[in-house]
Amino acid sequence: MDFLSIILDILLSAAFWTAVLRIATPYVLGTLGELLCERAGVLNLGIEGIMTLGAMAGWMAVYQGADLWTGVLVAAACGALLGLLHAALTVPLGLSQHVTGIGVTLLGTSLSYFVYRLVLPQASTPPTIEPFQPLALPGALAQTPLTYLAFLLVAVVAYVLYRTPVGLAVRMVGENPAAAEAQGLNVTAIRVGAVMAGSALMALAGAFLTLSAFNAFFFNMVNGRGWICIALVVFASWRPGKAMLGALLFAVFDALQLRLQQASGGVLPYQLFLMMPYLLSILALVLVARRASYPRALMIPYRKGER
Amino acid sequence: MSSPLKGGPEVVLRLAGISKRFGPLLANDDISLTLRAGEVLALLGENGAGKTTLMNILFGHYVADEGTIEAFGRPLPPGSPRAALEAGIGMVHQHFTLADNLSVLDNIAVGTESLWRWRSDRSAARRRLLDLSQRFGLEVRPDALVGDLSVGERQRAEILKALYRDARILILDEPTAVLTPQESAGLFETLRKLTADGLAVVFISHKMNEVFAASDTVAVLRAGKLVATHATASTDRAKLAELMVGRSVKPPAPTPLSPGEPVLELAGVTVASDHGRPLLDGVDLTVRRHQVVGIAGVSGNGQTALAELVSGLIRPDSGRLSLKGSVVEHGDPADMVRRGVARIPEDRHSAGLVGAMAVWENLIAERYHDHAFSRFGVLRRGAARSYARKVIEEFDVRCPGPDARTQLLSGGNMQKLILGRTLAHGPDLILASQPTRGLDIGAVSYVHSRLLDARSAGAGVLLISEDLDEILALADCVTVAYHGRLTPLLPHDRVSVSQLGLLMAGHWDILRDILPETQLEHGDAA
């Protein structure tokens, strides 16, 4: 079989598209979360740590006996709390968003491992829970509820940003906080709120990994997904719909490389295939993001009364 | 919402005993003002006199240390723009507070609805905006991105933003600083419509002609104090200028000098933009020693390209640029400085100075490689600082010292700093682009006298300005830029403001009347 027909076979299989939607889910949620923060003018590099905490906290709640949806809520609440920390440091105090974000990532990741080890000091093989099951739908539609929630949230975030007063206020503080304040808006409250909401979405992305995609919590399981989301936000030009497309595109590359690895039968080093989604993402960024017009006040702290 | 029937005009705003201190600086000192419905109050004062501070206190950006504000008979809570908006006070800031990436409608409507409505009522917002736009003759495009608007359109959007919120008191901070004369005239027309509707307007200005064009009452601030309040009709320019500055101000009087040898010659210079449109189109120009040549014209007719050319930022596509008789082949900015060109850039914030750096660093920015300021690649900070102290002294730059951060200086002092940097070395050619834009009377006359001193000392001055009064006051010869071309040099005493206006609009046929003899040399003047 030649190469093209292998690819065609893969692309025509329902299992492939099932995998694409599953892989895309955490990227969709994480990218939406980051997008919300950045639209309000706050870069949130805490995403990797917030996702890890969401993964751990959601899983831990269920492991301790809560039901799955309660686990989801616990994860979101923990994400919002870490978001509050990031926002408190970067918005009213105006600290560097880069440095604070990396601090939040280190904190979120380490805290998750710490709590996990505290509760399960001896576990050599990770204990498991009963995760979300795919809905009984045909073909690629057989996804878990969290995947459906993720894609529903794309529409919700888009609607809120573009059709509601609060969405306009979020965009305004990300573009020109001084103008927002001159219109009587509370810049600090809006930014903090947007970062908390965005961080809750990031934590959902993490929770998807432990409550839907797998059934256990591993160290290093977020594995750079948060960083990909940061790039996807740029790729999406800060638009929710495009963010979803970007996440799907990345998932297609990722699912494809897994299957090509198998099909190649060890002729090529598997690392080459692993590299593929990232390489193609960089390429896509170069092609698309050069024209990106980012929120003008992104990464610029706003201090009232300063000119 | 509308004003009461025309009885005696009610007092809408009362400031009583406002004081505000920033560290050692007393920015406002016990200021009391009243404003009546239908009145235009001009707040006149030099930069740093405390005008903007006062209005920022009124609008809630700052909190006054002492004093009270009453709007429509009710006390205004301090420190809250929202409270000011709700009390019917709208402010158009000098640096517009609009988000470029949002539409005009979004910019105007944001914050006017309760945040937690499940959807924005955009069609109602649009109707209301268009209605206001029509009522006050303020043309807008609701769906255009603010970033795509001209400065005049942005200002209209700002005014509409205030009106949209039912502002009955409108504060305009230096509204004409960025407008063309035509746009300014349009603004004053708008102000008349607003006051006819019963609004009260405060506009901050340091330009005398605006005060007389637009205000009923004028309040003069000097060094944080209210020094006088007059009915505009009962006062005159000289009196106001004296009140503002605290001493009498003389207009510049250039002594006649005979021009010397050429320092700058352009011969058939053409420069095309990146898109191939000609920015300069076959320009011939000569500037001689002891001569000020003024370039008049509406901005965007090639002045920027001309300034960049003489600064060495761009090169001619064809034609020849000579300095002091030698042709410049590959000029770059450093080379131009070495050849004796002094530059006063159009935008002192972006192209003139580095705000975050110290005064002394900015002063040696053009010559830090000189032996005086560096040895073996190491800066001689002591030498640079003492040089800076000398320039600060000589050019009367008001700043705490050579180590002060430059962005803390007022506009006038920044310009003095640039003058000090460029003039301290006895340049041969001075390129002055809009050298007094945004400066107050005192600083303007200082800049003018320094330029004229340099002219007496033997420099040629190329003065690019949109201010025709400035050009006619300083220049020995005037040329008008239109679509990248320059008229022949016109002696300043043979051309009037109205003739310049016609030339600026492209009616070059009148050159025949001004210069019958050159008409023969320049057959292209029609």
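This is a predicted model: local features need pLDDT of at least 70, side-chain atom pairs count only at pLDDT 80 or more; totals for chains, interfaces and linings use all residues.
Residues are numbered from 1 along each chain as its sequence is written, chains are lettered from A and ligands numbered from 1 in the order in which they are written, and side-chain values use heavy atoms, with hydrogens and water left out.

**The interface**

- Chain A contributes 24 residues and chain B 33 residues to the contact, where contact means heavy atoms within 4.5 Å.
- The two chains bury about 2400 Å² between them, 55% of it on carbon and sulfur atoms; buried area is the accessible area (1.4 Å probe) that two parts lose on being put together, summed over both.
- There are 2 salt bridges between chain A and chain B, each defined as a side-chain nitrogen of Lys or Arg within 4 Å of a carboxyl oxygen of Asp or Glu.
- B:Asp106 and A:Arg171 form a salt bridge through their side chains, at 3.7 Å from N to O.
- Helix H6 (145-163), helix H7 (165-175) and helix H8 (177-182) of chain A each give two or more residues to the side that touches chain B; helices (H or I, at least four residues) and strands (E, at least two) are DSSP runs, numbered from the N terminus.
- H7(A) supplies the largest share of that side, 7 residues.

**The six-stranded sheet of chain B**

- An open sheet of 6 strands has the order E6-E7-E8-E3-E9-E10, with mixed pairing; two strands pair if DSSP finds at least two bridges between them.
- Its edge strands are E6 (89-92) and E10 (225-231), each pairing on one side only.
- Strands E3 (residues 40-45) and E8 (residues 200-205) of chain B run parallel and are joined by 5 bridges; B:Ala42 has B:Phe203 in E8(B) as its bridge partner.

**The four-stranded sheet of chain B**

- Here 4 strands form an open, antiparallel sheet in the order E2-E1-E4-E5.
- Strands E2 (25-36) and E5 (74-75) of chain B are at the edges with a single partner strand each, so one side of each has no neighbour in the sheet.
- Strand E1 (residues 11-22) and strand E4 (residues 66-71) of chain B run antiparallel, joined by 5 bridges, and B:Arg14 stands opposite B:Glu70 in E4(B).
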